[in-house]
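Please walk through this structure with me, one region at a time.

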Amino acid sequence: MISQRTIQEVFETARVEEVVRDFLNLKPKGSNLTGLCPFHDEKTPSFMVSPTKNIFKCFGCGRGGGAVQFVMEHERYTYPEAIRYLAKKYNIDIEETQRSDEQLQEMQEIESLHLINEFAKTHFIENLFDTEDGRTIGLSYFKERGYLESTIRQFGLGYARNDSKALQNAAQDRGFQEDRLRELGLITKNGNDFFRGRVIFPIHNLSGKVIGFGGRTMREGKKEPKYINSVESRIYNKRKAVYGLFEAKHSVRKHDLCYLVEGYTDVLSLAQSGITNVVSSSGTALTKDQIKAIKRFTRNITVVYDGDEAGIKAALRGLDLMLEEDVLVRLVLLPEQHDPDSLLRSLGAQAFKEYLDQEAKDFILFKAGFLSKESENDPIRKSIVIRDIVESLALVPDAIRRAMYLQECARLLAIDERILVQETNNAIRSNLKQRRLQDRRAEIRTDFTQQQTTPMPSRPATQDDEQGIAYSDEYQERDIIRVLVNYGDQLYSDEDGISVAQYVINNISDVMDTFDNPFYARIAGLFAEGLTLGRVPSQDELVQHPDPEISGTVVEILATPFEYSPNWHEMKHLPLVSQKMPDQNYVEDAYQAILAFKHHKIDRKISENQELIQKFNAAGDEEMMRLHINVHKELKRIKSEVGEELNSIGIRL
């Protein structure tokens, strides 16, 4: 188990904006950063990162937390795995305490698969550089293609010897289990190595872990596939993997542009020439998941495909997928008989870059022009082409861009623009209707599943439950927790040296048991426990708490899509005059929150005490009845004082 000291150091060191930027493209917006949420489909950014609060929050799907929660959600890591990932990123030494058998088992499941793949990658690299047939066959092939050793090592290229047991024997000598090797597709059902006599291209996920391999045969003339990929496993999904994105992500973000090519070697050639913002779809047809992965870093994709019929058809197949994801697509078709590697060799690096810039065409206009030429003098074929273009235009979400396309496509297709507009609008309505139907079906399935599997959180019953009303004191309870989470570690009084947390907890200790919302009660309890140990729980501790209910509640309180605009003060000279800025007003804020909270909770205490008076009266217990009558008088006195103070500061309840 990872020690608490290490976890605390990770909390204090990890910056959520740095962690998120490893996976997403973020842009400044006021004091925050925004981007497209990686956890749900969206075309308008609703994902916010607050560097000052060290949290992320999506106002679309509701996910939020700190650096630990982001890594857990994005990489599907457990809490310990996320801590280890961040410790490695920030070069923090991990201090271990003894783990239970269950914890060991939990960690080993996925980690062992990554370890085996990393071992296989090292094995293939050693084959390439340290064996005679590796140097003669594999390394010679790469060098004939013009790849430098630095490029070969950067992408971890390797070689699988033409030996049916080479990898299996090496892996078993290291103690790796055969069933794990088979799960990853490194050995076949017959017990032979899957990759044999091939150069190897490791495929990484966005955090740099090896999830699979691609292999190109070196046995010319044999009746076997030229390229093969690892089988799908718990860590490798072909539809989601984008070859080269781990190596290219920073360059893609920097240039706000991604070049999409067809194969592994195309990526290597362009990257070596200085065009480092390049990826490929791993030798598979482009998928929506792959587009989403690229879109995390840029909306601008330039497709660079061969100019032959196969290349054009491959490009057209991916167009609608990219339009649907609101990607800005351009196309570069290479001259016939050329692929990116051969044209790069022919022109040289600088001229090739200029060629890409000059030849990049808007994809949808290319499609309209290309299909229009194909259907010349064939009315039936032309009607099919127009319908195809209409379906593509209906996927363009931006109305202005769509209007421009409609105008230009009408000209290219020689059709009345009004007809094209009408048909496109019909297609848009049809798409919306279909999408709503799908969403409704998904909602019904989700509601049914939740009813079957998700119990409601337990909490004390209140009179309001019978009337169908939520927590009666929800606002006051939330306000107390808001003050504790935001300002708990601030000094309430310079003279006494007490913190805001101490002031709040001390003043509500007599009504701490009256919280209706169980999550707020647990957070208040964490502050009370911390104070008994002489410390105030930090925001980072609460945001990155291993209990997702606590973490989620804290992030909901911290995150807001709104902020006070500095323009009111700096440009319009209209500062806040009735009170200090929120981050400077916490003393008064805490005081008012306590008054409102206690006023509501004392009512609860009075009601409970009246029930006891009636109970003891009915039982004839005069002594206990008189005692609770005195309690009633004291509670009424406190309520009156609190009420007067609330009225004096203008708070209405």
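**Strands, pocket and buried residues**

S13 and strand S14 (residues 361-362) pair in the antiparallel sense, over two bridges. Strands here are DSSP runs of E with at least two residues, helices are runs of H or I with at least four residues, and both are numbered from the N terminus. Two strands pair if DSSP finds at least two bridges between them. Within this pairing, arginine 330 stands opposite aspartate 362 in S14.

This is a predicted model, in which local features need pLDDT of at least 70 and side-chain atom pairs count only at pLDDT 80 or more, while totals for chains, interfaces and linings use all residues. Residues are numbered from 1 along each chain as its sequence is written, and side-chain values use heavy atoms, with hydrogens and water left out.

S13 (residues 328-333) also pairs with strand S12 (residues 300-305). These two run parallel and are joined by six bridges. Here isoleucine 301 faces valine 329 of S13, standing opposite that residue.

Now turn to the largest pocket. Its space is about 1,100 Å³. Among its 35 lining residues, those closest to the centre are His74, Glu75, Arg76, Lys240 and Arg296. A pocket is an open set of points on a 1 Å grid over the protein atoms alone, where a 1.4 Å probe fits, with protein on both sides within 12 Å along at least five of seven lines; lining residues have an atom within 4 Å of a point. Grid points are joined across faces, edges and corners, and the volume is the space filled by probe spheres set on the points.

Which helices supply at least two residues each of this lining? They are H3 (67-75), H5 (101-130) and H12 (288-295). H12 gives the most, with four residues. By class, the lining has 15 nonpolar, seven polar and 13 charged residues. Asp, Glu, Lys and Arg count as charged; Ala, Val, Leu, Ile, Met, Phe, Trp, Tyr, Cys and Pro as nonpolar; the others, Gly among them, as polar.

Threonine 265 is found in helix H11 (residues 264-272). Is threonine 265 buried or exposed? Threonine 265 is buried, because its relative accessible area is 7%, and buried means under 20% (1.4 Å probe, protein chains only). Beyond its neighbours within four places in sequence, threonine 265 is in contact (heavy atoms within 4.5 Å) with Tyr141, Arg145, Tyr147, Phe201 and Tyr227.

Last, the cysteines. The count of disulfides (cysteine sulfur pairs within 2.5 Å) is zero. Cysteine 58 is in no disulfide; the nearest cysteine sulfur, that of cysteine 37, is 3.6 Å away. Cysteine 58 is buried at 0% relative accessibility. Cysteine 409 is buried too, with a relative accessible area of 0%.

Note on methods. Buried < 20%, exposed > 50% of the residue type's maximum accessible area, 1.4 Å probe, protein only.
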